[in-house]
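Open the structure in your viewer and keep the selection panel at hand. Each stop below gives something to select and then tells you what is there.

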Amino acid sequence: MQTSSEEARQAIITVLASIPCGYVCTYGTVAKLAGQPGKARLVGYILKHLPESSNIPWHRVINSQGLSSFPVDTDKYLLQISKLRSEGIRTSTGRISLKEYLWLAG
DNA sequence: CCTTTGACGCTTG
DNA sequence: ACAAGCGCCAAAG
């Protein structure tokens with residue numbers, strides 16, 4: 001089946017909405033789970049342009065280093081960390097343990 | 001049309 | 001552990 005960009009986008013949205021509370025997922029992993037390996041940047045683009053009505057848990061998506069993709073001194077960063085902490089994720093060091101919190105499909 | 005930019009990731013040295 | 005280079009896709013200039 002030919003994966004049109006439209007289908008790829010929808011697949012990524014579905015994966016994003018499926019990340020369970022208390023877990024996180026990296027951009028690259030989301031792309032891979034959506035059947036679009038290597039398209040991590042597309043995930044980032046979609047998240048940035050999310051409509052407000054969407055219930056996508058954007059805060060559960062971090063980069064492969066276990067860090068937030070936002071600069072530390074921004075509100076977005078603080079909001080993301082705050083949300084993750086409220087879900088029981090330990091972020092005392094500012095870094096999130098992927099070994100412990102990374103969500104894998106099934 | 002061509003070039004830059006961006007909520008990224010993997011490989012090498 | 002850290003930096004540089006390349007790949008990746010879509011939108012904006």
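Start at Ser64. One of its polar backbone atoms lies 2.9 Å from a phosphate oxygen of DNA strand B. That is a polar contact, meaning a pair of N or O atoms within 3.5 Å; within protein, one must be able to donate a hydrogen and the other to accept it, and residues adjacent in sequence count only if both atoms are side-chain atoms.

Before moving on, know what you are looking at. This is a predicted model, where local features need pLDDT of at least 70 and side-chain atom pairs count only at pLDDT 80 or more, while totals for chains, interfaces and linings use all residues. Residues are numbered from 1 along each chain as its sequence is written, chains are lettered from A and ligands numbered from 1 in the order in which they are written, and side-chain values use heavy atoms, with hydrogens and water left out.

**Stop 1: DNA strand B**

Select Lys48. An N or O atom in its side chain is 2.9 Å from a phosphate oxygen of DNA strand B. Now select Leu47. Here a polar backbone atom sits 3.1 Å from a base nitrogen of DNA strand B.

Widen the view to the residues near this strand (a heavy atom within 4 Å of it). There are 13, and Tyr27, Arg41, Lys48, Asn63 and Ser64 come nearest. Colour them by class: five are nonpolar, six polar and two charged. In this scheme Ala, Val, Leu, Ile, Met, Phe, Trp, Tyr, Cys and Pro are nonpolar, Asp, Glu, Lys and Arg are charged, and the others, Gly among them, are polar.

Which helix gives the most to this surface? H3 does, with five residues. Helices (H or I, at least four residues) and strands (E, at least two) are DSSP runs, numbered from the N terminus.

**Stop 2: DNA strand C**

Select Ser5, Gly38, Lys39, Arg41, Leu42 and Tyr45, the residues around DNA strand C. The classes split into two nonpolar, two polar and two charged.

**Stop 3: an aromatic pair**

Select Trp58 and Phe70. The structure holds one aromatic pair. The ring centres of Trp58 and Phe70 are 6.3 Å apart and the planes meet at 85 degrees, so the pair is edge-to-face. Rings of Phe, Tyr and Trp (its six-membered ring) pair if their centres lie within 6.5 Å; planes under 30 degrees apart count as stacked, over 60 as edge-to-face and the rest as tilted. Trp58 is in the loop between H3 and S2, and Phe70 in the loop between S2 and H4.

**Last stop: confidence**

Colour chain A by pLDDT, the predictor's confidence in each residue, from 0 to 100. The mean is 93, and 97% of residues reach 70 or more. Confidence is lowest in helix H1 (residues 5-17), at a mean of 92, and highest in strand S2 (residues 61-62), at 98.
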